[in-house]
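The paragraphs below take them in turn.

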Amino acid sequence: MSNEILLKATDVVKTFSTRSKKFGRPHLATAVNGVSLEIRRGETLGIVGESGCGKSTLARCLVQLLPTTSGSVVFEGVEISKLSRRALRPLRRKMQLVFQDPYASLNPRRTVGDIVAEPLRINKFGTEVVIQERVRELFRTVGLDVNSLTRYPHEFSGGQRQRIGIARALALNPSLVVADEPVSALDVSVQAQVLNLMADLQDKFNLTYLFIAHDLGVVRHVSDRVGVMYLGEIVELGDADELYDRPMHPYTEALLSVVPELNDTDAPRRERIILKGDVPDPADRPSGCSFHPRCPVATDKCKEVKPALVEIRPGRSVACHYPKNAG
Amino acid sequence: MPESPVLKVSDLKVTFATRQGPLRAVDGLSFEVAPKEVVGIVGESGSGKSVSMYSMLGLVRDANVTITGSVEFQGREILGLSDKEMQPIRGGEIGMIFQDPMTALTPVYTVGWQIVEQLRTHTTMTKAQARERAIELLSEVGIPDPRKRIDHYPHEFSGGMRQRVVIAMALSCNPKLLIADEPTTALDVTTQAQILDLMVKLQDSYNSSIVIITHDMGVIAEMAHRVVVMYAGRPAEVGPEIDVVRNPRHPYTWGLLGAVPRIESRNDRLATIPGNAVSPLDIPEGCAFADRCEYRMDICTKRPQLKGANDHLDACWLSDEQRVAIRTKASS
Ligand SMILES: Nc1ncnc2c1ncn2[C@@H]1O[C@H](COP(=O)(O)OP(=O)(O)OP(=O)(O)O)[C@@H](O)[C@H]1O
Ligand SMILES: Nc1ncnc2c1ncn2[C@@H]1O[C@H](COP(=O)(O)OP(=O)(O)OP(=O)(O)O)[C@@H](O)[C@H]1O
Ligand code: SF4
Ligand SMILES: [Mg+2]
Ligand SMILES: [Mg+2]
């Protein structure tokens, strides 16, 4: 990992106009509410958070698959959030996505060889012979049988399909791979194969990953640094081991405390902190700290004053008036 | 002397006749559930967890299915009972919770109506009594303001709240046994914690036994007293939770436990099980795991039976000495 910053997001906001559940009339839902972060070349930045907290929306904004409502995204030194589609095109190939459901993201009527060749053809990678050779090389790289190039997606298992999705993402030598829940649909033994493969590919091609998942174990395993999201905001960011061992935000602490553990050693279990209630509707954001209605340590200040994401120590930020483990 | 089991499943087999030949979804499952015991059934996708539960309850409605074996509930054989005979049992003495709460709820009726119906079917309560009991149940499962919420429709609840409603329904008739098929898989981890916590508390106050089906070893470790590890429709290992998690005996269980990324610590590489789950159309005659097992021997082409000591059984041909050698090597 270097210190070179591959992507820098500043105050990214994304709002959707929706019908609020509560009021039944059109309403603005802020899915991403002012996120700032940096991704360094060669690292894996993990993003965790519960369903609906804005992980996918953030990822899509960062690679400009979704236009941002406001804020700035700089990729390889270029401000990309205001570029036209055409100006964006040469940069797009350097930012690739791997999705959760490999099946939904692969065209069922194309052979898997064609699926992987498609980005190469669109980007005029070379002659058909060169493209075919590249496809075979990609198949070998991700551990798929080159004799299966002419088969269709439904003939493959979930794990194999995810390998096909990864091969396609790698076709154009991207610098950033955004993986949105890439292993959530897989069984644990197959999940482990895909995670190991992603680690090998990162070493081999010096890839940078933005890795999104709701599984806290998976995120710790893959990430160098981790950001925790709640209701469209990053509430805590830091080195993966630090953040897991000494969480500062009460939400991170609660989240980690309730992950079911195998409990196969004599080490004492973290004391469970069971949060009350549900995550609020992003169209009906609480005042002050977004987490205050569920926070076990909230005070009046939390209801009124929104805590900013503050760097407590180099590389360690938290958005809470009363951070733990901060001393 | 242990009390007689609430549920006793012996050599359950469920086969679907398909165009590609017989599909053996469940192939010789046996286990017992003692009073107040929580038994966890764990296995990967397609290993036959749901089919085994549905077939026990007479819920596999498929003309091409053949079910054999025996399922005794409180000493009475329930496999093969007619729908009419099963009716007082399902939803009455046996409560059910599914992965998708909407399987158990009807969108066009209020949740109160649905709980009241359930109570009226299985008890002699009057409408007014049933409504009071429904409010009490909603409050027990932690639905705020139950007197108002009882008249709401399922879509007006969040996913976690809906699962609470289903739990209220499942408990409505004081079941002896609660069967929960992936009750928290669709939920977030903080909501999962609320629901699991609720299940444990209620199990305690209702004295029911629970069979919980999940693919999450962590959930098993936190909830279950005993575990059945399934592979390809067969039990690979059965035993007390602590023994199976801390001292697993079957190579499949070794792989399954080693593949779980932990939150407590980080290691560079995860253990993997090579290959993919075996197709239920194509289960080998011998050990079902043999194709993926690195310790396969000649004898593994013969089917290993579940055996062992101290209530900790597994179906594998490895000798105790071989296992000790393998595990000592793996941990060094
Ligand atoms: N196209 C859209 N129109 C309206 N609202 C949207 C749209 N996409 C997302 N949202 C809302 O934005 C919020 C964030 O959604 P997002 O999909 O980013 O969450 P997520 O963290 O990826 O969740 P999950 O873990 O379920 O994938 C949610 O409240 C969602 O309902
Ligand atoms: N009606 C049916 N006809 C044919 N095959 C079926 C039928 N129902 C289930 N199966 C097959 O039986 C096998 C076992 O399925 P089951 O749903 O029990 O798996 P499971 O362990 O519950 O998996 P999951 O974790 O994905 O829920 C699968 O191969 C499935 O495709
Ligand atoms: S019986 Fe043989 S193939 Fe099956 S798990 Fe044991 S050693 Fe492996
Ligand atoms: Mg998402
Ligand atoms: Mg199932």
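The model is predicted, so local features need pLDDT of at least 70 and side-chain atom pairs count only at pLDDT 80 or more, while totals for chains, interfaces and linings use all residues. Residues are numbered from 1 along each chain as its sequence is written, chains are lettered from A and ligands numbered from 1 in the order in which they are written, and side-chain values use heavy atoms, with hydrogens and water left out.

Strand β9 of chain B spans residues 226-231. Helices (H or I, at least four residues) and strands (E, at least two) are DSSP runs, numbered from the N terminus. Six of the six residues of β9(B) are buried, so the strand is largely enclosed by the rest of the structure. Buried here means under 20% relative accessible area, with exposed over 50% and partly exposed in between (1.4 Å probe, protein chains only). In a regular strand, side chains alternate between the two faces of the sheet. Both faces of β9(B) are covered: R226(B), V228(B) and M230(B) are buried on one side, and V227(B), V229(B) and Y231(B) on the other.

Two strands pair if DSSP finds at least two bridges between them. Strand β3 of chain B (residues 38-42) runs parallel to β9(B), joined to it by four bridges, and I41(B) stands opposite V228(B). Strand β10 of chain B (residues 234-240) runs antiparallel to β9(B), with six bridges; here Y231(B) stands opposite R234(B). The hairpin of β9(B) and β10(B) has two residues between the strands, and A232(B) takes a positive phi near 50° in it.

Rings of Phe, Tyr and Trp (its six-membered ring) pair if their centres lie within 6.5 Å; planes under 30 degrees apart count as stacked, over 60 as edge-to-face and the rest as tilted. By this rule there are nine aromatic pairs over all chains. One of them is edge-to-face, between Y231(B) and F289(B), at 5.2 Å centre to centre and 85° between the planes. F289(B) lies in the loop between α10 (251-258) and β11 (307-309) of chain B, and Y231(B) in β9, so the pair ties together parts that are 58 residues apart in sequence. F289(B) also forms an edge-to-face pair with Y252(B), at 5.3 Å and 65°. Y252(B) lies in helix α10 of chain B and F289(B) in the loop between α10 and β11, so this pair ties together parts 37 residues apart in sequence. Y252(B) is buried at 0% relative accessibility, and F289(B) is buried with a relative accessible area of 4%. In chain A, Y230(A), Y251(A) and F291(A) form one aromatic cluster.

14 residues surround ligand 2 (a heavy atom within 4 Å), and the closest are S45(B), G46(B), K49(B), S50(B) and V51(B). Both β2 (21-33) and α1 (49-56) of chain B supply at least two residues of the shell, and α1(B) gives the most, with three residues. Oxygen atoms of ligand 2 lie 3.0 Å from a backbone N or O atom of G48(B), 2.8 Å from an N or O atom in the side chain of S50(B) and 2.8 Å from a polar backbone atom of V51(B). Taken alone, ligand 2 exposes 640 Å², of which the protein buries 66%; accessible areas come from the Shrake-Rupley method with a 1.4 Å probe.

Terms used: A polar contact is a pair of N or O atoms within 3.5 Å; within protein, one must be able to donate a hydrogen and the other to accept it, and residues adjacent in sequence count only if both atoms are side-chain atoms.
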